[in-house]
Amino acid sequence: ITGYGYGLRWDRDTQSREYVLHTGGLPGFGSNWMMMPDYGIAVILFVNRRYAPAYDVNFQALNTIIHRAALEGRVLEPSQRLKKVYTQLTKLLPHWSKASNHKLFASNFFLDHSLEDLKSESQALFEKIGTIIEWGTLVSRNDLSAYFTVKGEKGRLQISFTLSPEHAAQIQTFALEELEGP
């Protein structure tokens, strides 16, 4: 995933690590600066060669620093709203009983997600993982988006949701995915 605006490029790699960077130069000179806000590190490279591969060098340097220093990315504490939604959502799953009248969901949620399909998919996947052993910890992506895992005796599921961007935020999107491995 990549984006560009105000002279800054934003990238996310295959490990979901985010980079903010800018590359530039003049005839005979090149530069690149790259930072990883979640890790609190940045590198800058100036070169005396036009179009030198400064981006590649900085990318490798950041990854080397992370690996050798065993750095961990910051972990966002879930907002109170995300925690409240998590508690309410775990009470509705896997059967979705009384979900259609629940104030937990945005007004367009069931227009975008058929309740019958949600019930069918959820029940099939929950049956596949067997008896629930543990409802996992809520992991925040940002103030309006999070996921958690459900561990069963025969497998695991990941449940993701995003809240609507309003004061009384409600579930806007929902995804249920079976995870590989134990």
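Because the model is predicted, local features need pLDDT of at least 70 and side-chain atom pairs count only at pLDDT 80 or more, while totals for chains, interfaces and linings use all residues. Residues are numbered from 1 along each chain as its sequence is written, and side-chain values use heavy atoms, with hydrogens and water left out.

**Aromatic rings**

- Ten aromatic pairs are found in a search of the whole structure; rings of Phe, Tyr and Trp (its six-membered ring) pair if their centres lie within 6.5 Å.
- The ring centres of W135 and F148 are 6.3 Å apart and the planes stand at 45 degrees, so this pair is tilted (planes under 30 degrees apart count as stacked, over 60 as edge-to-face and the rest as tilted).
- This pair links distant parts of the chain, with W135 in strand β6 (residues 132-135) and F148 in strand β8 (residues 145-152), 13 residues apart.
- Helices (H or I, at least four residues) and strands (E, at least two) are DSSP runs, numbered from the N terminus.
- W135 is partly exposed at 29% relative accessibility, whereas F148 is buried at 0%.
- Buried means under 20% relative accessible area, exposed over 50%, and partly exposed in between (1.4 Å probe, protein chains only).
- W96, F105, F109, F110 and F174 are linked by ring pairs into a cluster.

**Helix α4**

- After α4 comes G130, with a positive phi near 80 degrees.

**Residue S164**

- S164 lies in the loop between β9 and β10 and counts as buried, at 2% relative accessibility.
- The side chains of S164 and E166 make a polar contact (2.9 Å); such a contact is a pair of N or O atoms within 3.5 Å, and within protein one must be able to donate a hydrogen and the other to accept it, while residues adjacent in sequence count only if both atoms are side-chain atoms.
- Apart from its neighbours within four places in sequence, S164 is in contact (heavy atoms within 4.5 Å) with L144, A169, Q170 and Q172.
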